[in-house]
Amino acid sequence: MSVRSKVIDAIQQIAKEQHVTLPALSDDLSLHETGFDSLAFAILVARLEDETGVDPFTISEDAAFPATVGDFVRAYENVPA
Amino acid sequence: MSPREIFALRDHLGAELTGRTLSDAQTCMSLTDILSQSVLGGRLRELSGRSVLLKLSDQLRSGLAMIELDGIARRMLLCPPDLNPSHLEALIADAEIDAVVTDESDRWAGTGVPLIVTAQLPLEATAPAKTERATEWLMLTSGTSGVPKIAGHTLEALTGAIVAEGTARGPAPVWATFYDIRRYGGLQIFLRAVLSGGSMVLSDPHETLGDHVARLKARGVSHISGTPSHWRKLLMSGSAAQFAPAYVRLSGEIADQAVLDGLKAAFPNSSVGHAYASTEAGVGFAVNDGLEGFPADYLGNRNGVEMKVVEGSLRIRSTRTAHAYVGRNAAALTDDDGFVDSGDIVELRGERYYFVGRRGGIINIGGLKVHPEEIEAVINRHPDARMSRAKSRKSPITGGIVVADVILTEGTDPARAKEIRDQILERCRAQLASHKVPAVIRFVEALDVTPAGKLARTDA
């Protein structure tokens, strides 16, 4: 499974659990518009860390939290192996 | 006015009650003639009036030494097996120790302790001693780090709850516990065995659970106690089959409904009760209605035990509490009114109080206080979950999130893990505030339990 589909799967799973109705997940959708609150993002980052072994937001201290879904996915894709 | 009569352990042991034993995995000792025998090589006289450190590598000799020393020594400090040796020096100074009873006399030569007595088997014949004084019993608290505190008790305080309950009819009980008898919870059981005219089967840290249960069955154990973690491990091991004690007791941790129900199912003919006790607060009460928590009307004065709730924490005043912390810089044990603050947080729901956790065990989730025990109680109620531990994990977004490790009930099909995870999360969301719902649930094979029988909470 590609990194992108892992991320999208996890978003959809958490949305289901949190009873959040997601809009279509296009790359330029702002994360704010996903309807996720900070707790939902915290859950997402923790689960992706368990699945992929990385947490791109803790590794790099100066990394700004992404603004869009596309930025978020790329943060995981661009982590050096 | 005549001085009040002082009773010591020896006054509960006599040759008239035959067939009493104290046993461990290797040795079965008759208690019938125990007063004419010595584990101290007949050197009890030298220990009269001394402050004695009891530092032995096994419970059997420890128990026999307690029987001999009580009523003779000024003090005895019980050292549990997991005591960090680097704390000994501070404890010896704080308790004004001037004698040690050991099975490693070489290690004590040159330590400055003036009297070293070796405890040894087989027992030696001796003339029975007479009770001289009320010995002070010093017990160590099972805190997490640093030098443990020393809580001072008398035999009268330690046995207050046992005497209040009176003796049950029928054959003398055979007691056992998963605890070590040098800790408060285990000592309670040892004292019950001595005062009830019964016998006692000791645990052995080197024995498998299966072998331990086989020994409990072979010795005819009728009454047995342990922490909820001890009991969950027993239920998971599958070793409980064919073991049918009359009385099953839990103490030392929160007994949630899941473990009470699990024990009732495993031991359908046993009475299952949970007791509230701590090294400092003594035995508060026992609950025998099969339900978690305790009736709200236990607050107030009940059988000489007074309880109140201050800022959510249970406070207890009774003659069964420790009387002081002992030591050079010892803190006050009680508040100004003589109540011990247990640090156990309770919550009133309807007509019952429920334990929600330890004040010192709170985890911080994004600035909000969370008791991990509260989350575990919800998880443990899922029929496929046997035991769980909730803890905090750092999060770059919220600072912290809750994660939970869960042990599945024995025989659960691993293929159902995802379905079970979803069900547990659904229950947590229905019953807990959103920040308390675990972000991640991991299924694990085992969870660490401390030597005191409590779920290890290293992050708390």
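Reader: What is the handedness of the crossing where α1(A) passes α2(A)?

Author: In this predicted model, α1(A) passes α2(A) in a right-handed crossing. By class, the contact between these helices has 8 nonpolar, 2 polar and 4 charged residues.

Reader: Why is α1(A) called oblique to α2(A)?

Author: The axes of α1 (residues 3-17) and α2 (residues 38-52) of chain A cross at roughly 135° and come within 10 Å. Angles over 145 degrees count as roughly antiparallel and 65 to 115 as roughly perpendicular, so an angle between those ranges is oblique. That is why α1(A) is oblique to α2(A).

Reader: Which residues of α1(A) and α2(A) meet?

Author: From α1(A) come Lys6(A), Val7(A), Ala10(A), Ile11(A), Gln13(A), Ile14(A) and Glu17(A). They meet Ala40(A), Ile43(A), Leu44(A), Arg47(A), Leu48(A), Glu51(A) and Thr52(A) of α2(A). Contact here means heavy atoms within 4.5 Å.

Reader: What does UniProt list for residues 12-55 of chain A?

Author: An unreviewed UniProt entry lists "domain: Carrier" for that stretch. In the model, residues 12-55 of chain A are 48% helix and 0% strand, with the end C-alpha atoms 19 Å apart.

Reader: On to chain B. What makes β7 and β21 of chain B edge strands?

Author: The open sheet has 7 strands in the order β7-β6-β4-β5-β9-β10-β21 (chain B), and its pairing is mixed. β7 (115-118) and β21 (324-326) of chain B each have a single partner strand, so one side of each is left without a neighbour in the sheet. Neighbouring strands in this sheet are turned by 30° against each other on average, direction ignored.

Reader: How do you know that β4 and β6 of chain B pair?

Author: Pairing takes at least two bridges, and β4 (residues 51-55) and β6 (residues 99-102) of chain B pair over 4 bridges, in the parallel sense. Val52(B), for example, stands opposite Ala99(B) in β6(B).

Reader: Which strands does helix α1 of chain B lie across?

Author: Helix α1 (residues 59-69) of chain B lies across β4, β5, β6 and β9 of chain B, and runs at about 165° to β4(B).

Reader: How many bridges join β20 and β22 of chain B?

Author: There are 3 bridges between β20 (residues 313-317) and β22 (residues 340-349) of chain B, and these strands run antiparallel. The bridge partner of Ile316(B) in β22(B) is Val340(B). Both strands belong to an open sheet of 6 strands with antiparallel pairing, ordered β17-β23-β22-β20-β19-β18 (chain B).

Note on methods. Residues numbered from 1 in each chain as written. Chains lettered and ligands numbered in written order. Predicted model: local features only at pLDDT ≥ 70, side-chain atom pairs only at ≥ 80, totals over all residues. Heavy atoms only, no water. Helix = DSSP H or I, 4+ residues; strand = E, 2+ residues; numbered from the N terminus. Axes fitted to C-alpha atoms, helices over the stretch in contact; angles between N-to-C directions. UniProt positions renumbered as here; feature names shortened; annotations may be inferred. Parallel < 35°, antiparallel > 145°, perpendicular 65-115°, else oblique. Left-handed = near helix turned anticlockwise from the far one by under 90°. Nonpolar A, V, L, I, M, F, W, Y, C, P; charged D, E, K, R; others polar.
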